[in-house]
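Student: I have a two-chain model open and I'd like to learn how to read it. Can we go through it feature by feature?

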Amino acid sequence: MQFVWFWTFWHWSKEGFQDGFLLRSPIQGIGGHWDEWFRHEASASDLRAIEETGRTESSQRQFIAWFFRHWARETNWRENRMVPRFVLGQLAHLPPFNRWTAFDKYREQYGARGISAVVLSAESKGEADDVRRLEALALPSDSNSSIVPEGFQADSAELEVSRQAAFSVFRGKGLLYFLALWTAGGDRPYARWLKILVGLGWATVAGLILYLLFGPDAGEHLVALSATLVSLWSALTLFAVGMICTQVIRAWQAGKLCGERLQRSEVRLRMDGGLTLKGESAGLAFSLNTLLSLYRADSQLAQRSWLWRRLFRRLCTQAGSWAATGVITADGRLKSVVLQPKLRACLQRPDIDHILTPNQRDATRKSVDLMVKAVSPIAPAPIKSSALRAGWGFAAEEPRLQSHRCRHVAQALMVFGGFHSKWQKAISALAVLVSCAMLLALPDLRSILVPPPAPVAVAPSSTSPYYLWVSLDTKAPARFQVVLESEFWSNRRVRVLPQRAANVPARAEILLHRLPTPTGREDDATIWVERRLQFLTREYAAGERVGCYSLAYLTRLGHE
Amino acid sequence: MKTNIPLLLRWHLAQLENQAPPPPRAARLLAQTQPWWDTWPERFQALVERLSHMDVAFGHAMTDASHVRTGFPVTTLVEHAGEETETSARVLYLSLRDRRFCFRFHLNANIQPAVESFEVTFITDGKMTPVLSASAARSVDNEYRVDLQVSEELAREWGNLKVTDRMPFRLLLRSASSISDH
């Protein structure tokens, strides 16, 4: 077995914790435990073996490799990738590791760069150093979930608010808000060609609606057009709803897992400089880095959710070029902060391209552009060498900084994940409009595609000689009309209207009006029952005739 | 020329003896063996008086029934750079084997710059009498460590203590600068 001394230390630490000699768990207290063991508990043979390991850089590297390959596996830290890194980072500052050159890269950072916080040092008007690099690690915790500052001092209550805001994004209102924003206009998880196809589909539906409303009478093609419209709209709606539901459910499940992990984690926020924080403007950066730390600890948490995966991947790869400032509340809302010196500080950092700010007036693009102009371009000092006769042109780049204003941390996630999509917003707006129209038109389309059964004329008939009542036994009176054709009476077309009184069938009331010069007999009249074809506000030419009655039959109906 | 080495050595010894500081007086030697609270009883009484009136307690407003291992804070009075700071310490490691008392604690006060060592005096919680005094050296962050031999009686009394128990003592921490002031 290699590096037995480390196992000896590790088991001493574990047993000490179990037996109540050590307060902190072996991971949380790794630095102090090692210091105690190495200085006071390690045997002479252990110390010799440690010295032997540290003798050459090669053997030091062997220890690090063994540490990642074997120790991490055998101590069940496979589910948290950052634990070995954290342990090495803590040990790197302690003897004898603080003299081992192979530990140099673990001494300064955990390799988990996050979004920078803009924290002004006392009386600073915005210097490059005020943009502070943050690292966040989520470590397994034996006690309550908490945020522990490392390298700076902060009020634990303020850090707790940042943790609660992160929790809200995983399992609370913050998640609902984020999902609502994404549903409304967020980029969708399918290929570009499919996005175009879906867009064309919605445009086709809109075109069909407009054609049916304002185009020429479709005549015999009305059924085919209606069927196409309903099918296309149904397919698009099902596709959109199905996709959104799938993503929302997966995001909810992944958020639940992340939230549970957060509750079982101690988040360590590292910010060098030994500052004592006054004010809460770093809350947004703390909260976002807390989210990121969970993904870094275990990327499998978000594996099944495209939304979280995309967000976290972008956070991992691009966090270095982002800074954030804003007071955050436990439910994720952002409050305004002093911004001008912070923007100035970011402008002096060429590696910072974006800043997340609360939604306040001095964070508008115009304000930032004005400040960019005010800050002089960063140029290298001129070289005063006589040997360099050729004219040197310093292509000094103007500082570029894009501010993103957010009211809520969920909006910050939308920005960070690159979910904002103008195309999708346009498609969503079109889809909503089209769907509203379709929902209003569904009864009309239904009567075109699945016509109601043909009605039968029933009693009562009118007792007045001036009126003809055509009572119809139908549940859809609005879908029918009645036509009187006669050479004695004026020809009329009348809608069938429902009756308010209970158990009284719907009827069409035709005013009988003699023609000025009648040619036929009084009883020689035919009453047709026709289907009405409508689409929203438009009425088409009469549809199929589904009933035919004589005047004599209808006037006698119910009086026999 | 022939050098007389023994003579030269005697001359060198005589030179060194002349340069050496005078031997301490018996009274001073006696004073050095005495604990500091006997040497400066008024100062000690004043500090103990203040320590006895300090009351540090945590209320655990737990929202769930999960096992919380935080330990009990130990009431601590720090005397450093002419100032007295009321604070608490968190016991991180406690071991008493074969009368060897190893004690590691985290000082909650943020003293800048960090003090490399304190003289720590253990005061019994009830009677407020001093029982131990030793040097606590700083190790990692704000953690300090005490390692000393204790009496048989104290070993019996504190032998079963665990870090999660309420400690039967309070701490009085004095930095080197405050000791030299006296």
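Student: How many bridges pair strand E12 of chain A with E15(A), and in which sense?

Tutor: Some ground rules: this is a predicted model, where local features need pLDDT of at least 70 and side-chain atom pairs count only at pLDDT 80 or more, while totals for chains, interfaces and linings use all residues. Residues are numbered from 1 along each chain as its sequence is written, with chains lettered from A and ligands numbered from 1 in the order in which they are written. Helices (H or I, at least four residues) and strands (E, at least two) are DSSP runs, numbered from the N terminus, and two strands pair if DSSP finds at least two bridges between them. Here, E12 (residues 467–472) and E15(A) pair over six bridges, in the antiparallel sense. Look for Leu468(A): its bridge partner in E15(A) is Ile510(A).

Student: Which strands sit at the edge of that sheet?

Tutor: The sheet is open, with three strands in the order E11-E12-E15 (chain A) and antiparallel pairing. Strand E11 (457–458) and strand E15 (506–511) of chain A are the edges, as each pairs on one side only. As a general idea, side chains in a regular strand alternate between the two faces of the sheet.

Student: What joins E13(A) to E14(A)?

Tutor: A hairpin does, through five residues. Strand E13 (residues 480–486) of chain A meets strand E14 (residues 492–495) of chain A over four antiparallel bridges, and Gln481(A) faces Arg495(A) in E14(A).

Student: Which residues touch the most other members of the largest nonpolar core?

Tutor: In general, nonpolar side chains tend to be buried together in soluble globular proteins. A nonpolar core is a set of buried Ala, Val, Leu, Ile, Met, Phe, Trp, Tyr and Cys residues joined through C-beta atoms within 7 Å. In the largest, of 96 residues, Val169(A), Ala324(A) and Cys346(A) touch the most other members. Helix H11 (residues 283–297) of chain A gives the largest share, nine residues. Apart from that core lies another, of 33 residues, including Leu22(A), Ala89(B) and Phe105(B).

Student: How many residues does each chain bring to the contact?

Tutor: Two residues are in contact if their C-beta atoms, placed from the backbone, lie within 7 Å. Chain A brings 16 residues and chain B 21.

Student: What is the mean pLDDT of chain B?

Tutor: pLDDT is the predictor's confidence in each residue, from 0 to 100. For chain B the mean is 83, with 89% of its residues at 70 or more. Be careful with residues 61–67 of chain B, where the pLDDT is below 50. For the complex, the predictor gives an ipTM of 0.77 and a pTM of 0.79.

How values were computed: A residue is buried if 20 or more other C-beta atoms lie within 10 Å of its own, exposed if 12 or fewer, and partly exposed in between; C-beta atoms are placed from the backbone.
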